[in-house]
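Dear colleague,

Please read them with the structure open beside you.

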Amino acid sequence: MSDTAIHLVMGNEAIGDGLLEAGCQVVAAYPGTPSTEIMQSIITAKERAGGPLHLEWSVNEKIAFEVALAASYTGKRSAAIMKQVGLNVAADPFMRTAYLGTVGGMVTVVADDPGPHSSQTEQDTRLFCLQGRVPVLDPSSPAEAKAMIGPAYALSEKYRRNIVLRPTTRISHSRQNVALGAVPVMNRPSSFTPDPGRWCATPAFLPGLHGALNKDLEAISREPEWQPRLTPGDGSRPGTALVASGIVYAHLVDLLDELGLAGTIDLYQVLMPYPLSPTFIERLRADYQRLLILEETYPVIELQLAHPGAVGKQGGAVPRVGELTPDAVHAVLADFLHLAKPRQTGPAQRGQRPSLCPGCPHRAAFYTIKQTFPDGIYPSDIGCYTLGMNLGAVHTVHCMGACISQGAGFYQAYRLDGGDFPTVVVTIGDSTFFHAGIPALINAVLQRARIIVVILDNATTAMTGGQPVPHLGVTAGGQPTTAIAIEPLVRAAGVEFLEVCDPYDSRALTRVLKQADAHIRSDDGSVAVVISRHPCVMDPAAKKIRSPATAIITDECIGCGTCVSEYECPALSLNEEEGRAVIDGDRCIGCGTCVDVCPVQAIEVKELS
Amino acid sequence: MKQQIIVSGIGGQGALFLTRVIAQAAVDLDIPVMTSETHGMAQRGGTVISTIKVGPFASPLIRTGQADVALLLWEDNLGVHRPLVKDDGTLVINAEGAGPGLRIDASGIARKLGNAVLSNLVLLGCAVRHQALFCDQQACAAAIRKLAPARFVEQNLQAFYEGLNG
Ligand code: SF4
Ligand code: SF4
């Protein structure tokens with residue numbers, strides 16, 4: 001691969017390349033849409049590195065952050081990568097690092113999800129950084145995100161501070177032609193100098209460290225390289241300017257071009273929304289009466305500007321919810337500049353809703369849980385299996401690992417009323433279990449919560465594209481490592497009832513669930529754990545050993561629709577005209593789990609030769 | 001040269017691969033290009049859309065009524081994504097029966113080739129045949145060779161040519 005070759009790369013790949021080309025040697029991440037492919041691309045490109053790298057999928061974001069942080073203490077360049085809600089998990093070390101600082105350059109990449117397309121919140125990491133007092137960079141394209149990384153490390157090392165790079169979904173998942181650069185050989189032997197006053201800082205040291213942070217932030221806000229960039233207008237709209245950052249800036253550039261307004265109005269791009277340049281703030285106050293501030297998702301720039309003529313999210317001129325799509329930007333700009341209103345479009349139809357894959361073992365597990373405990377309470381969690389909602393087998397989804405504690409909370413509340421309690425069946429994926437499920441399980445056992453926890457073990461992090469999980473015994477690079485089995489962890493947490501079952505065998509799973517229910521209701525009952533184990537249908541190894549089969553609907557079918565409404569396999573649909581179910585042979589994998597769903601046994605599985 | 005294209009489908013139909021092939025054709029022709037893609041939960045069989053902007057653009061997203069061409073792998077998405085397309089924009093649709101736009105039973109053809117997912121490249125071939133796209137047959141074929149896994153290149157090209165020759 002020549003150094004100057006132009007490649008079509010995804011924003012996340014561009015960021016991965018940027019980290020390598022900046023000499024980053026230690027990268028720790030937890031997968032989460034839209035950030036996942038950053039780590040994936042570094043794993044793929046690791047041969048490009050001039051020296052050894054340590055790459056890891058950590059079990060959660062707090063750990064990823066702490067691993068990268070310690071590497072920075074030794075002088076190496078490091079990165080922690082996560083999505084916006086992952087930063088909540090890493091909040092504890094993240095906030096303290098702002099005070100204590102770093103040594104080797106450290107960049108934390110936090111991918112935000114305005115919209116949100118695939119997240120529990122559309123929170124704004126820039127606001128988190130304002131609260132945490134951490135400088136944050138807001139790129140407007142994949143190429144710019146990449147270009148920011150080298151200078152970000154320089155900034156980090158100049159001030160010995162963690163710097164956040166904050167791409168958003170539309171940057172992470174865009175592709176653009178970007179040039180590959182050279183990867184430097186860093187030759188930075190690790191060397192850690194103990195400095196307890198800093199690295200163990202007790203409260204006595206913190207006011208001093210906080211003061212130093214404030215001083216640095218002031219200096220960083222005046223760094224010439226990170227000042228907002230002006231594209232001047234032609235003077236036809238005096239006293240008026242547009243201010244934007246992130247991808248919204250890019251939407252605005254295209255929009256002005258399409259409307260024939262490019263170069264007619266002063267346009268500022270903010271590269272570093274926090275700490276915002278004080279000279280920029282003064283200049284806007286002095287030179288402009290009217291400003292339109294466009295940023296996703298919270299008014300971070302607007303708050304710091306505190307400009308009396310600013311139009312933005314605070315006054316409601318810019319939508320406060322959802323992504324600022326080009327259409328949304330168009331509507332806001334038309335209002336601000338008194339242009340013709342954009343064409344109103346009727347509400348678009350809703351498309352196909354997402355659904356668990358044909359043959360997904362989670363669907364089989366959910367169906368059996370629901371059949372066994374029709375009046376149960378079903379707390380669940382973050383992952384593909386959130387889609388169990390469609391089957392009515394998921395009642396709550398909160399944040400990583402919350403399902404077990406919520407399940408325990410439900411039980412404790414019902415227990416207070418005395419008498420009988422509903423069966424609480426918690427579902428949690430294997431990756432989520434390792435991420436934040438273990439402490440919650442320990443707590444549930446400690447508090448003798450009578451709940452059933454079903455660990456949906458499909459041996460991968462399926463939602464984000466199949467990253468390895470701790471019980472597989474492989475690292476981020478595919479190297480073998482110690483496999484951390486789930487069963488001994490569950491037992492060590494004090495769980496007395498533990499059974500493993502293949503959810504494709506619905507009779508066996510029903511039996512196990514009933515035993516679990518008997519256990520939690522027994523005199524000294526406590527948490528019962530059932531591991532529902534079947535590989536993800538997307539797992540290439542599992543695909544290979546599958547014998548080719550497909551399901552068919554026989555003439556017995558009475559067109560009751562039970563299979564479609566209760567089971568919702570995407571391969572199944574109801575042909576209303578003919579009054580019978582049909583199976584899409586292109587999509588059916590012949591798993592046979594729908595056979596028992598039909599009340600008149602009209603579904604059969606046949607082997608394909 | 002400026003063209004705005006949408007690729008619409010449902011998760012698992014190969015919309016992303018089709019998007020990458022078209023974008024790669026632009027890269028090979030030395031034209032700047034940006035795409036946006038759907039990932040995550042929506043990919044699980046739900047409605048997905050990707051956008052391709054060919055030429056000097058800054059943003060990968062497409063505004064209502066601005067797309068020149070729409071490639072629809074799933075006919076039912078027409079109601080969802082039609083508003084993005086210009087009134088006189090070109091619709092290329094994977095569909096069996098009669099209706100609006102340029103239509104081809106791409107899934108049927110792909111199934112005969114042994115893999116329903118190949119409908120994405122059959123549809124691409126159809127679009128190129130009608131000169132709906134900025135790129136020609138050679139550019140697309142070269143992009144497919146570059147992006148398809150080695151052992152599927154021939155099958156992928158075959159799907160493309162099936163669409164190309166109607
Ligand atoms: S056998 Fe039934 S459940 Fe399994 S993939 Fe086919 S239609 Fe879906
Ligand atoms: S296959 Fe069975 S469940 Fe499905 S519609 Fe026919 S009779 Fe009803």
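A salt bridge, as the term is used here, is a side-chain nitrogen of Lys or Arg within 4 Å of a carboxyl oxygen of Asp or Glu. Please bear in mind that this is a predicted model; a search of the whole structure, over all chains, finds 36 salt bridges.

One of them pairs Arg77(A) with Glu157(A), with 2.9 Å from N to O. Because Arg77(A) lies in the loop between helix H3 (61-73) and strand S4 (78-83) of chain A, and Glu157(A) in helix H7 (residues 142-159) of chain A, the pair ties together parts that are 80 residues apart in sequence. Arg77(A) is buried, at a relative accessible area of 12%, whereas Glu157(A), at 23%, is partly exposed.

A salt bridge is also found between Arg111(B) and Asp586(A), whose closest N and O atoms are 2.8 Å apart. This pair joins two chains, since Arg111(B) lies in helix H3 (residues 106-112) of chain B and Asp586(A) in the loop between strand S22 (580-583) and strand S23 (603-607) of chain A. Arg111(B) is partly exposed, with a relative accessible area of 45%, and Asp586(A) is partly exposed, with 33%.

Within chain B, the side chains of Glu154(B) and Arg145(B) meet in a salt bridge at 3.9 Å, N to O; Glu154(B) counts as exposed at 56% relative accessibility, and Arg145(B) as partly exposed at 48%.

Finally, a network of salt bridges links Asp112(A), Asp124(A), Arg126(A), Asp138(A), Arg166(A) and Glu295(A).

Terms used:
Residues are numbered from 1 along each chain as its sequence is written. Chains are lettered from A and ligands numbered from 1 in the order in which they are written. This is a predicted model: local features need pLDDT of at least 70, side-chain atom pairs count only at pLDDT 80 or more; totals for chains, interfaces and linings use all residues. Side-chain values use heavy atoms; hydrogens and water are left out. Helices (H or I, at least four residues) and strands (E, at least two) are DSSP runs, numbered from the N terminus. Buried means under 20% relative accessible area, exposed over 50%, partly exposed in between (1.4 Å probe, protein chains only).
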